[in-house]
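Try each task before you read its solution.

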Amino acid sequence: MLNQKMELELNKQINAEYWSAYFYLSMSAYLDKEGLQGCASWMRVQYQEEISHALKFFDYVINRGGEVKLQPIDAVPHEWNGIINVFEETLKHERKVTSLINNLMDVAIEEKDHAAKSFLQWYVDEQVEEESTVQTIIDQLKMVEGKGMGLFTIDKELGQRVFVDSTQV
Ligand SMILES: [Fe+2]
Ligand SMILES: [Fe+2]
């Protein structure tokens, strides 16, 4: 059984994961408008990944006998300042999510909820990968100054990404 504090914090994180999904979906629309179909498709996969993160929390709250209380999702931006800015904002956002996950872990430790600690470890590890993937893309985009043939190639490559539900493995 989840205690009240843990239940509240997990519910907040469900909302944060949906907000992330919404954020990336909005980026996908922007990138499509900019003519970067590959990047747009990458962001759409990123959206799917965030939905899977939200659902993993959702299932967990239910499995622990807690109550899921879905809240409204705040509006997201819909304009950015070019491709490098999009990925820089992605990295900034992922770093924020990492701190949210770390705070959740702190609560689990304070509340001596060992099951939640074990569950949250998956997200701690996932965030390391998220940040590193996005950093690599930023480095590559900067190498080609976010334009020309280099950008064309990166866009093609990012378009290859397919959604794999890592919460299920
Ligand atoms: Fe996430
Ligand atoms: Fe993420």
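Predicted model: local features only at pLDDT ≥ 70, side-chain atom pairs only at ≥ 80, totals over all residues.

Residues are numbered from 1 along each chain as its sequence is written, chains are lettered from A and ligands numbered from 1 in the order in which they are written, and side-chain values use heavy atoms, with hydrogens and water left out.

**Exercise 1. The metal site**

Task: Find which protein donors hold the iron ion (ligand 2), and describe the site.

Solution: 
- Start with the rule: donors are N, O and S atoms within 2.8 Å of the metal (3.2 Å for Na, K and Ca), and sites may look incomplete because water is not among the atoms.
- Apply the rule, and you find Glu50 (OE), Glu94 (OE), Glu94 (OE) and Glu130 (OE), at 2.0 to 2.6 Å from the iron ion (ligand 2).
- Next, check the angles. Four donors count as tetrahedral if all angles lie between 85 and 135 degrees; four count as square planar and six as octahedral if opposite donors are over 155 degrees apart and all others between 65 and 115; anything else is irregular. Here the angles among the four donor atoms run from 52 to 150°, and the site is irregular.
- Now look along the chain, where the donors follow the spacing E-x43-E-x35-E. Glu94 in helix H3 (residues 83-110) and Glu130 in helix H4 (residues 114-143) are 36 residues apart, a pair that links distant parts of the chain. Helices are DSSP runs (H or I, at least four residues) numbered from the N terminus.
- Both Glu94 and Glu130 are buried. Buried means under 20% relative accessible area, exposed over 50%, and partly exposed in between (1.4 Å probe, protein chains only).
- Finally, look for a neighbour: the iron ion (ligand 1) is 3.4 Å from the iron ion (ligand 2), and Glu50 coordinates both.

**Exercise 2. The pocket lining**

Task: Work out which helix supplies the largest share of the lining of the largest pocket.

Solution: 
- A pocket is found on a 1 Å grid over the protein atoms alone, as an open set of points where a 1.4 Å probe fits, with protein on both sides within 12 Å along at least five of seven lines; lining residues have an atom within 4 Å of a point.
- Of the 14 lining residues, the closest to the centre are Glu49, Glu126, Glu129, Thr133 and Arg161.
- Helix H2 (37-63) and H4 each supply at least two lining residues. The largest share, five residues, is from H4.

**Exercise 3. Salt bridges**

Solution: 
- A salt bridge is a side-chain nitrogen of Lys or Arg within 4 Å of a carboxyl oxygen of Asp or Glu. The whole structure has eight.
- Asp113 pairs with Arg64, their closest N and O atoms being 3.2 Å apart.
- Glu88 pairs with Lys142, with closest N and O atoms 3.1 Å apart.
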